[in-house]
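Please keep the sequence and the model in view while reading.

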Amino acid sequence: MEFRPTLSILLHALLLCQFVSESRARDIAKTSPEETLNPQLNIFFTPKDLKIGKMMPLFFALKDPSTSPHLLPRKEANSIPFSSSNLTYLLKFFTFSKDSPQAKAMEDTFFHCEISAMNGESKFCATSLESMLDFVQEILGFNTKLDVYTTEFLKKSPVTLQNYTILQKPKEILVPKLVACHTLPYPYAVFYCHMQKGENKLFKISLLGENGDRIEAAAICHMDTKEWNHDHVAFRVLKVLPGSSPVCHFFPVDNLVWVPSLSM
Ligand SMILES: *[C@@H]1O[C@H](CO)[C@@H](O)[C@H](O)[C@H]1NC(C)=O
Ligand SMILES: *[C@@H]1O[C@H](CO)[C@@H](O)[C@H](O)[C@H]1NC(C)=O
């Protein structure tokens, strides 16, 4: 099983830490001036940026199916413990040494999965598609048809960071609720799925990169950031004060956004 944790761990941690109030998460969120320059932070924007012709530098990690962790069927996933209390056993099981980057990544994944949900947040770590769908239906309704939004590469060069221009008027997908599922680094596919109360706006945005890349990107705007951790890196990147501005971000290509189907 191929499992190479990369810098995207950092990005996921940054995206998640707004929901995490413990000091460890604050440490993750705290950036020194050098870290602020991390190219992977080029995902944040504000609603003011949502206009045709707007250009911004954005980071989109390449998707390599040959190295992406596989989704396990529920039966198989359930046969492997998924808990920090089993870390020693799991490191043996996956044959990683306890000081390896893989061990660190697994530990971080358990941290995000085991920390309690913030006020107004429902969260769940899914280790299979079936368990993801169970959680999504629990939140969005058992009799609700679902749609899923993702970021899609229509044409992608190997350049991860480049200037992109918004090609068309961003399309707002009007949904009462949504569940966002972010991949977490683990030897098999694990998704951190969560629903946040409060006003969130979902957008589909057509982007043209300066290298000819074409991306149909999914993005979310969190309209109320008053309750956010003041150290959240988004405020530094956008140079806005907590609560003074909505914070929007693009979704990486392997994330899933579940919404009630509009075609009902
Ligand atoms: C996983 O941890 C739990 C709780 O500590 C323990 O009861 C269980 O036996 C462990 N499973 C394995 C496979 O080590
Ligand atoms: C994007 O364009 C601006 C203005 O032309 C330029 O200064 C900047 O270096 C470009 N950024 C990237 C990542 O190419």
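By class, the shell around ligand 1 holds two nonpolar, three polar and no charged residues. Here Ala, Val, Leu, Ile, Met, Phe, Trp, Tyr, Cys and Pro count as nonpolar, Asp, Glu, Lys and Arg as charged, and the others, Gly among them, as polar. The residues around ligand 1 are Pro81, Ser83, Ser85, Asn86 and Tyr89; a residue is placed near a molecule if its C-beta atom, placed from the backbone, lies within 6 Å of it. This is a predicted model, in which local features need pLDDT of at least 70 and side-chain atom pairs count only at pLDDT 80 or more, while totals for chains, interfaces and linings use all residues. Residues are numbered from 1 along each chain as its sequence is written, and chains are lettered from A and ligands numbered from 1 in the order in which they are written.

Ligand 2 is surrounded by Pro57, Leu161, Gln162 and Asn163. Strand β6 (residues 161–166) provides the largest share of this shell, three residues. The shell around ligand 2 divides into two nonpolar, two polar and no charged residues.

The chain as a whole has eight helices and 13 strands. These are DSSP runs numbered from the N terminus, helices being H or I with at least four residues and strands E with at least two. Of the 264 residues in the chain, 31% are buried. A residue is buried if 20 or more other C-beta atoms lie within 10 Å of its own, exposed if 12 or fewer, and partly exposed in between, with C-beta atoms placed from the backbone. Among the contacts in the chain with a separation of 6 or more, 77% are made by residues 24 or more positions apart; two residues are in contact if their C-beta atoms, placed from the backbone, lie within 7 Å.

Valine 148 has tryptophan 258 of β13 as its bridge partner, and alanine 180 stands opposite valine 257 in β13.

Leucine 146 belongs to strand β4 and counts as partly exposed because it has 14 C-beta neighbours inside 10 Å. Although leucine 146 and valine 259 are 113 residues apart in sequence, their C-alpha atoms are 5.8 Å apart in space. Beyond its neighbours within four places in sequence, leucine 146 is in contact with Val136, Leu140, Trp258, Pro260 and Ser261.

Helix α7 (residues 129–140) has 12 residues and reaches 16 Å from its first C-alpha to its last, close to the 16 Å expected at 1.5 Å a residue; the expected span is 1.5 Å times one less than the number of residues. Met132, Phe135, Val136 and Leu140 are buried in α7. Seen down the axis of α7, the buried residues fall within an arc of 120 degrees, so they line one face of the helix; the arc is that of the directions from the helix axis to the C-beta atoms. Glycine 141 follows α7 and has a positive phi, near 115 degrees.

Elsewhere, strand β12 (residues 247–250) pairs with strand β1 (residues 44–45) in the antiparallel sense over two bridges, with histidine 249 as the bridge partner of phenylalanine 44. Strand β11 (residues 214–222) also pairs with β12 in the antiparallel sense, over four bridges, and valine 247 is the bridge partner of histidine 222.

Most residues other than glycine have a negative phi. Threonine 95, however, has a positive phi near 55 degrees. Threonine 95 lies in the loop between α5 (87–93) and α6 (101–114), and is exposed because 10 other C-beta atoms lie within 10 Å. Lysine 239 also has a positive phi, near 55 degrees, and sits in the loop between α8 (233–238) and β12. Lysine 239 is exposed, with 8 other C-beta atoms within 10 Å.

Methods. Two strands pair if DSSP finds at least two bridges between them.
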